[in-house]
Amino acid sequence: MKALLVEDDVAIALVVETVLVREGWNVRHVPDGASVLEGDEAPDLLVTDLNLPGAQTGLEIAHLLRERRPQMAVVLMSGDYEDSDMAPRGMAVLPKPFRRAGLLAAIAHAIEQVRDQA
């Protein structure tokens with residue numbers, strides 16, 4: 001299973017990547033949306049910060065990648081977006097700061113959302 005992690009904060013990226021790898025994900029980490037646009041990514045899971053440096057937000061990246069892979073699970077992380085009930089359809093929101101259990105629950109919810117849409 002391939003995961004793409006888009007996060008500019010190195011400390012957060014390290015924690016998220018470590019958790020994902022321990023859960024069996026093959027993780028590629030990039031710090032911004034421009035790095036995603038340069039590639040032809042089609043991951044099974046996208047974990048992205050909502051507020052990224054550069055022109056693209058995490059939500060814009062999610063929509064772009066969903067065009068390539070409609071069944072991609074999406075977790076949007078944000079320190080500013082705390083109401084997980086307001087998540088865009090088919091995506092999970094993970095408020096920062098979070099714990100390992102919260103990250104895993106958000107991933108499970110995102111995967112469930114994709115399965116429910118299929």
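A pocket, as I use the word here, is an open set of grid points with protein on both sides within 12 Å along at least five of seven lines. I am working on a predicted model.

Entry: I looked up the largest pocket and found a volume of about 280 Å³. Its lining has 15 residues, and Met1, Trp25, Ile107, Ile111 and Arg115 are the closest to the centre. Which helix gives the most to this lining? I noted H4, with six residues. By class, I have ten nonpolar, one polar and four charged residues in the lining.

**Entry: the sheet.** Next I traced the strands. Five of them form an open sheet in the order E2-E1-E3-E4-E5, with parallel pairing. Strands E2 (26–30) and E5 (92–95) each have a single partner strand, so one side of each is left without a neighbour in the sheet. On average, neighbouring strands are turned by 20 degrees against each other, direction ignored.

Entry: Helix H1 (residues 10–22) lies across E1 (2–6), E2, E3 and E4, and I noted an angle of about 165 degrees to E2.

**Entry: a peptide bond to flag.** Most peptide bonds are trans. Lys96 and Pro97, however, are joined by a cis peptide bond, with omega about -5 degrees. I located Pro97 in the loop between E5 and H4.

Methods. Residues numbered from 1 in each chain as written. Predicted model: local features only at pLDDT ≥ 70, side-chain atom pairs only at ≥ 80, totals over all residues. Heavy atoms only, no water. Pairing = 2+ DSSP bridges. Helix = DSSP H or I, 4+ residues; strand = E, 2+ residues; numbered from the N terminus. Axes fitted to C-alpha atoms, helices over the stretch in contact; angles between N-to-C directions. Contact = heavy atoms within 4.5 Å. 1 Å grid on protein atoms, 1.4 Å probe; cavity = no way out; pocket = protein on both sides within 12 Å on 5 of 7 lines; lining within 4 Å. Points joined across faces, edges and corners; volume = space filled by probe spheres on them. Nonpolar A, V, L, I, M, F, W, Y, C, P; charged D, E, K, R; others polar.
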